[in-house]
Amino acid sequence: MNHDDLAHWSKRAADWIRAYHTGLRDRPVRPRATPGETAAKLPAQAPETAEPMDAIFADFEALVPGAMTHWQHPRFFAYFPANAAPASMLAEQLANGMAAQCMLWQTSPAGTEIEEVMVGWMRDALGLSPEFTGTIHDSATTATLSAILTMRERALGWAGLDEGLSGQPRLRLYASGQAHSSVDKAARLSGIGQANLVRVATDADDAMDPGALDAAIRADLAAGYRPAGLILCVGATGVGACDRIEETLAVARAHDLYTHVDAAWAGSAMICPEFRPLWHGIDGADSIVVNPHKWLGVQFDCSLQFLADPAPQVQTLGLRPDYLQTLGQAQVTDFNEWTVPLGRRFRALKLWFVLRAYGLEGLRARIRNHVAWAAEARDALAALPGVKIVTEPRLSLFSFALDDDARTEALLRRINDDGRIYLTQTRHAGRFVIRVQVGQFDCTRDDVMMIPTVVGALLD
Ligand SMILES: *Cc1c(COP(=O)(O)O)cnc(C)c1O
């Protein structure tokens, strides 16, 4: 295959993609696939000789779409969205076509500079203080790991990087039980240890209790631990819990902790000023993560981390061996020093395309619709016999259940086997609940109102 063939097949692919997306409503959201089914259809070994693209493309059509969960389906209400607006796909195609590696300014001057400008555009669009700079990671998991590594090194006076952790004081991290598992993962991988991630009590609203945070830090200090950092959530994954940012950050500041706010999902909604009370006080955070690859329409992967001061993170993650020196360019940003991996994709391009192709007003209109339609779906579900709303909508996420866990779980199975909509579960206060989130880029009110229709039809 050469570049002439690529041009030919790219056009075929573009036509296929249009037909796929316009036909999604006719497909079940989740495939009726069984484990091992796809693998069994593939040859055991790679081919020794070249195969024609006709055959490869035909196999793609035959094997892949029917065995995929359709994340861009307008009735995907599971997990959180992983939206991919058409303008994002176009930008990604161009970035893939150039296939540049954006580790240094000089390996991708436009890549680096568009990333810097996009961080600024998004910071302003979200209403954050102009003090923030930032970078784009692959995922919130990496952003949170970067912040927690920074917490570790800042608390150790940057001794851990050289000396390792044995012999260092035992560090402590603080988060509520609502925090995402990426926080647990980072506590483990950073060498701080899961047992040193203190779960601070929450109130009836699932928000961290600032008094309990203060008490936990004081108890740890008295016991000889060294408190290192606080991780807060705005729109946590389970049921959308939001910590009280201003009050909890004030406690962290009084004890000189580094702070990271995980707004991976809900952060996108902050382009609408009316939702910003949910993260009131956010400008006091040291680090914030927002995933445009969830709700905003910029496809995976594109996770923005805002930093009040990049210096501690760069001091933690940056290394400059001789072969990565940028000769004669002292004033440029080499983003690999802000992140865990050295190699970096050109992720800023799709953010640039999406912000321009829809405009902030177009994106706000979508998010406002999703929030309004989620409230309508909540009311229609609440009116069904035996259905109880367990957590009220936070933005466009709420949860419901039947009177016992086994019946709720059986209902969820029936819903997802039906295929018209796709929902997932979580636990809240020990109870099995069905989550509903509305956020697919192109969903309509009718798509959303299919939720109470399907649930109503499948109640036993
Ligand atoms: C989705 C999510 C994450 C993890 O995001 P990745 O980008 O997939 O790593 C972390 N925190 C919250 C609140 C999330 O919703």
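Tutor: A helix axis here is a line fitted to C-alpha atoms over the stretch in contact, and the angle between two axes is taken between their N-to-C directions, from 0 to 180 degrees. The model is a predicted one. Two packed helices are described by the angle between their axes and by the distance between those axes.

Take helix α4 (residues 109-125) and helix α11 (residues 348-382): their axes are 9 Å apart, and the packing angle is about 40°. Angles under 35 degrees count as roughly parallel and those from 65 to 115 as roughly perpendicular. That angle therefore makes α4 oblique to α11. The handedness of the α4 and α11 crossing is left-handed. On the α4 side the contact involves G111, I114, E115, M118, W121, M122 and A125, which meet A348, L351, W352, L355, R356 and L360 of α11. Sorted by class, the α4 contact with α11 holds ten nonpolar residues, one polar and two charged.

A second pair is helix α8 (residues 210-222) with helix α9 (residues 245-254), whose axes cross at roughly 15° and come within 9 Å. An angle under 35 degrees counts as roughly parallel, so α8 is roughly parallel to α9. The crossing of α8 past α9 is right-handed. From α8 the contact draws on P210, L213, D214 and I217, and from α9 on E247, T248 and V251. In the contact of α8 with α9, four residues are nonpolar, one is polar and two are charged.

Now the empty space. A probe the size of a water molecule, rolled over the atoms, shows where such space is left. The largest pocket holds about 1,200 Å³. It is lined by 40 residues, and those closest to its centre are W16, I17, H21, M89 and Q299. Helices α1 (3-22), α2 (53-63) and α3 (86-98) each contribute at least two residues to the lining of the largest pocket. The greatest share of that lining comes from α1, with eleven residues. By class, the lining of the largest pocket has 24 nonpolar residues, twelve polar and four charged.

The second largest pocket holds about 480 Å³. Its lining has 29 residues, with Y79, F80, H180, T237 and K294 closest to the centre. Both α5 (140-155) and β10 (424-428) supply at least two residues each to the lining of the second largest pocket, and β10 gives the most, with three. Here the lining of the second largest pocket splits into 13 nonpolar, 13 polar and three charged residues.

There are also cavities, which a probe fits but cannot leave. The search of the whole structure finds two of 30 Å³ or more. The largest cavity has a volume of about 60 Å³, and its lining is I136, H137, D138, T142, T339, P341, G343, R344 and R347. Two of the residues lining the largest cavity are nonpolar, four are polar and three are charged. The second largest cavity, with a volume of about 30 Å³, is lined by W295, L296, L363, R366, I367, H370 and F441. In the lining of the second largest cavity, five residues are nonpolar, one is polar and one is charged.

Key. Residues are numbered from 1 along each chain as its sequence is written. This is a predicted model: local features need pLDDT of at least 70, side-chain atom pairs count only at pLDDT 80 or more; totals for chains, interfaces and linings use all residues. Side-chain values use heavy atoms; hydrogens and water are left out. Helices (H or I, at least four residues) and strands (E, at least two) are DSSP runs, numbered from the N terminus. Angles under 35 degrees count as roughly parallel, over 145 as roughly antiparallel, 65 to 115 as roughly perpendicular and the rest as oblique. A crossing is left-handed if the near helix is turned anticlockwise from the far one by less than a right angle, and right-handed if clockwise. Contact means heavy atoms within 4.5 Å. Ala, Val, Leu, Ile, Met, Phe, Trp, Tyr, Cys and Pro count as nonpolar, Asp, Glu, Lys and Arg as charged, and the others, Gly among them, as polar. On a 1 Å grid over the protein atoms alone, a cavity is a set of points where a 1.4 Å probe fits but cannot get out, and a pocket is an open set with protein on both sides within 12 Å along at least five of seven lines; lining residues have an atom within 4 Å of a point. Grid points are joined across faces, edges and corners, and a volume is the space filled by probe spheres set on the points.
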